[in-house]
Amino acid sequence: MDSRQVSGMTCCEKETDNGDGGSKSASLWDMFWTFFRIGAFTIGGGYVMVPLIQKDVVDRKGWVTKDEFIDALAIAQTAPGPIAVNTSVYVGYALRGFAGAAASVAGCIIPSIIIILMIASVFDRISSLDVVQAIFSGIRPAVAVLIASAAIKLGKPVIRSAGELAIAAAAAIMVSLLHISPALVVVIAALAGLLTGIGGDSR
Amino acid sequence: MNLLHIYLSFAKVGLFTFGGGYAMLPLIESDIIQKRGWLTMAEFTDMVAIAEVTPGPIAVNSATFVGYKLAGIIGGIVATLGVITPSIVIVLALAALVRKYERTATLSRIKVGMRPAVAGLIAAAAISVAKVSMAEPRSYAVAAAAAVMVFVGKIDPILVLAVCGILGALIFF
């Protein structure tokens, strides 16, 4: 009975249901361009891209709900590979099926390819410049703040009980102090939710 | 070494990297440098620096750079496609599964556990970036300015990065 639900179309048609799939219409070009812009302007890798992706696809465009974006991040961190690429694949697929995934991931990686290919030849001369070092000394603390703001924004709607706060804190401790793999942490948290039913079954 | 070898090597790196681009670096080091000898350690260090200071995902940047060093522009493109292939296949499969079982009680219980953990993981990422980037009073000042722009001014993150880059050039140069 579930066979019909797997098709690429269904994903865009259930905004009426439980509010968990609130996908608004998005053109492939718009999706490509959104991820292209994020890919072209984000220095510091996947975790830095997360707040920008969130700002665009959740806050600004309303393509996916906050809850759905968090699901995308959970999957992006459980699956192997670059977080930003994984997130773009999931969001693209949620919006427009396989074509959407292709448009988003192309937008996400094309700026990197172009910029790296251009820079590879001149890098040795640029990187040693003091002014370049100084610029990055300014960017790095800002990166930390941006990532923290993403954690707060995404945490607010999903941390509503002591149990949920405990899971969030435990996850942060496992990764930053105990150096446990994020993929393993996501799996452990999923099991904790499944076994304890934190927050009840209503959500 | 040919393009197929480059593609497969990076597909393997992509397949076994969990937790984002930084987790990929040790894999590239062991597979591409030590096992295959395609790069020197000095070139690897360059690669990490380039991947960090250029826009885009670290893993994609690294793959493009190594591929370019090995086989020019085509090499860069092939290595990048290799590194993202496992991601695309696995994420699509997981996305289809999640959407298929979206309304089941089991999946919603799983999600309730996973969602706070994701927020915790991102907080951990912020902590590790802060550890590396905030070494002295001037960087605290930049962080404070960024915090005001982000939390009070609600300014676009890209603009925040640009402003802090300029601030960095002014106070560190």
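This report walks through a predicted model with chains A and B.

## Chain B: overall form

Chain B is built from 7 helices and 0 strands. Its pattern along the sequence reads α-α-α-α-α-α-α. The radius of gyration of chain B is 20 Å, well over the 16 Å that the globule rule gives for 173 residues, so chain B is more spread out than a compact globule. The C-alpha trace spans about 55 × 50 × 25 Å along the principal axes of chain B.

Chain B has two assigned domains: domain 1 covers 3-100 and domain 2 covers 105-172. Their centres, taken over C-alpha atoms, are 25 Å apart. Of the 173 residues of chain B, 49% count as buried. Take the contacts in chain B with a separation of 6 or more: 48% of them join residues 24 or more positions apart.

## Where the two chains meet

The contact between the chains involves 88 residues of chain B and 99 residues of chain A. On the chain B side, helices H1 (3-16), H2 (21-35), H3 (41-53), H4 (58-100), H5 (105-133), H6 (137-152) and H7 (157-172) each supply at least two residues. H5(B) gives the largest share, with 26 residues. By class, the side of chain B that touches chain A has 59 nonpolar, 21 polar and 8 charged residues.

One residue on the chain A side gives a local view. Ile113(A) sits in helix H4 of chain A. Is Ile113(A) buried or exposed? Ile113(A) has 23 other C-beta atoms within 10 Å, and the cut-off for buried is 20 or more, so Ile113(A) is buried. Leaving aside residues up to four places away in sequence, Ile113(A) touches Thr64(B), Gly76(B), Ile77(B) and Thr80(B). Ile173(A) is 60 residues from Ile113(A) in sequence, and the two C-alpha atoms are 35 Å apart in space.

## Chain A: two domains

Chain A is also divided by the domain assignment, into domain 1 (3-158) and domain 2 (159-203). Between them, 6 residues of domain 1 are in contact with 7 residues of domain 2. On the domain 1 side, the elements that give two or more residues are helix H3 (66-78) and helix H6 (130-158) of chain A. That side of domain 1 has 2 nonpolar, 3 polar and 1 charged residues.

Start with helix H1 (residues 28-41) of chain A. Its 14 residues should span 20 Å at 1.5 Å a residue, and its end C-alpha atoms are 20 Å apart, which agrees. Buried in H1(A) are Met31(A), Phe32(A), Thr34(A), Phe35(A), Ile38(A) and Gly39(A). Seen down the axis of H1(A), these buried residues fall within an arc of 165°, so they line one face of the helix.

Next comes H7(A). This helix has 15 residues and reaches 21 Å from its first C-alpha to its last, close to the 21 Å expected at 1.5 Å a residue. Which residues of H7(A) are buried? They are Glu164(A), Ile167(A), Ala168(A), Ala171(A), Ala172(A), Met174(A) and Val175(A). Down the axis of H7(A) they fall within an arc of 165°, so they line one face of the helix. What covers them includes H6 and H8 of chain A, together with H5 of chain B.

## Two loop residues with positive phi

His179(A) is not a glycine, yet its phi is positive, about 60°. His179(A) lies in the loop between helix H7 (162-176) and helix H8 (182-196) of chain A. With 8 other C-beta atoms within 10 Å, His179(A) is exposed.

Lys154(B), a residue other than glycine, has a positive phi near 50°. Where is Lys154(B)? Lys154(B) is in the loop between H6 and H7 of chain B. Lys154(B) has 10 other C-beta atoms within 10 Å and is exposed.

Methods. Residues are numbered from 1 along each chain as its sequence is written. Chains are lettered from A and ligands numbered from 1 in the order in which they are written. This is a predicted model: local features need pLDDT of at least 70, side-chain atom pairs count only at pLDDT 80 or more; totals for chains, interfaces and linings use all residues. Domain bounds come from an automatic or database domain assignment. Two residues are in contact if their C-beta atoms, placed from the backbone, lie within 7 Å. Helices (H or I, at least four residues) and strands (E, at least two) are DSSP runs, numbered from the N terminus. Ala, Val, Leu, Ile, Met, Phe, Trp, Tyr, Cys and Pro count as nonpolar, Asp, Glu, Lys and Arg as charged, and the others, Gly among them, as polar. The radius of gyration is taken over C-alpha atoms; the globule rule is 2.2 Å times the number of residues to the power 0.38. A residue is buried if 20 or more other C-beta atoms lie within 10 Å of its own, exposed if 12 or fewer, and partly exposed in between; C-beta atoms are placed from the backbone. The expected span of a helix is 1.5 Å times one less than its number of residues. The arc is that of the directions from the helix axis to the C-beta atoms.
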